[in-house]
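User: I am new to reading protein models, and I would like to go through one slowly with you. Please give me the general idea behind each feature before we turn to the case at hand.

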Amino acid sequence: MAKSDPNRILRLLPLVAGVLAGVLLMLNRLLTPELTTSQSRSDALGVILSALLILTGLLWQQVQARSPDSVQLIGVEGFELAPDLPDVVKTELAWVSHLLLTNTATRSLLIWYRGKVILRRGILGVNSEVKPGPILQRVLDKRKPVYLVNLNLYPGRIEFDYLPENTQGVICQPIGEEGVLILGANAPRSYTKQDENWVEGISDKIEDSFRRYLMANS
């Protein structure tokens, strides 16, 4: 169920005030038996102000940014880590995933590395396995992130069956040449450019940890 826009009433205030003022001015003119010169000037000024309020309200409806509608993701909340990871890596991944879930629109995240799922946290999808589709494979091949701002608009969304089925936005951020960090949001267009830069920095940190600890034990 989408949440209503919290700024909707604020954006409507100028429009409502302008219409109400215009109606009151018209009633006042109709109920006044004899108009004076000063009242005519006041009415004219009132009409101008009412028109400006109505125009402002209409512009706010078009220009002022609205908060994206969010949904309650379908799934069960959980936290899964590959059991064979070194303790230092487990601790770092727990910390990183907590930051992403609490400081961005991310509600579900997954790390896939060397052909297997290393971490799942947040609202978990039904499918726990990742089979790279065209979108994920492109991220791995080109080592460039992909941000799907509104997942419902992309036919290729079916490959993300390991995320909650009503996920609204997805970031696929490469982790070196062998992995990817996948973030699922509960609202479309919810990640800012700053969020994307932050996610890129986190993936670089994860790659460094994997290189130092996982490759040392391989």
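User: Does R189 count as buried or exposed, and at what relative accessibility?

Analyst: The general idea is a pair of cut-offs: buried means under 20% relative accessible area, exposed over 50%, and partly exposed in between, with a 1.4 Å probe and protein chains only. Here R189 has 53% relative accessibility and therefore counts as exposed. This is a predicted model, in which local features need pLDDT of at least 70 and side-chain atom pairs count only at pLDDT 80 or more, while totals for chains, interfaces and linings use all residues. Residues are numbered from 1 along each chain as its sequence is written, and side-chain values use heavy atoms, with hydrogens and water left out.

User: Where is R189 placed, and what is its phi?

Analyst: R189 sits in the loop between β6 and α5 (193-214), and its phi is positive, about 55 degrees, although R189 is not a glycine. R114 also has a positive phi, near 50 degrees, in a residue other than glycine. R114 belongs to the hairpin of β2 and β3, which has 2 residues between the strands, and with a relative accessible area of 39% R114 is partly exposed.

User: How many helices and strands are there, and in what order do they run?

Analyst: Helices (H or I, at least four residues) and strands (E, at least two) are DSSP runs, numbered from the N terminus. The protein has 5 helices and 6 strands, and from the N terminus they follow the order α-α-β-α-β-β-α-β-β-β-α. Of its 218 residues, 40% count as buried.

User: How are the strands arranged in the sheet?

Analyst: Two strands pair if DSSP finds at least two bridges between them. In this model 6 strands form an open sheet, ordered β1-β3-β2-β6-β5-β4, with antiparallel pairing. Because β1 (76-81) and β4 (146-148) stand at the edges with a single partner strand each, one side of each is left without a neighbour in the sheet.

User: What can you tell me about β2 and its partners?

Analyst: Since 7 of the 8 residues of β2 are buried, this strand is largely enclosed by the rest of the structure. On one pairing, 7 bridges join β2 to β6 in the antiparallel sense, with Y113 having G179 as its bridge partner in β6. On another, β2 and β3 (residues 116-124) are antiparallel over 6 bridges, and there I111 has L119 as its bridge partner.

User: Which residues of helix α3 are buried, and why do they line one face?

Analyst: An α-helix has 3.6 residues a turn, so residues three or four places apart point the same way. In α3 the buried residues are V89, E92, L93, V96, S97, L100 and L101. Seen down the axis of α3, they fall within an arc of 160 degrees (taken from the directions from the helix axis to the C-beta atoms), so they line one face of the helix. The face turned away from that buried side carries the exposed residues D87, T91 and W95.

User: What span should α3 have, and how far apart are its end C-alpha atoms?

Analyst: The expected span of a helix is 1.5 Å times one less than its number of residues. For the 17 residues of α3 (residues 87-103) this should come to 24 Å, and the end C-alpha atoms are 24 Å apart, which agrees.
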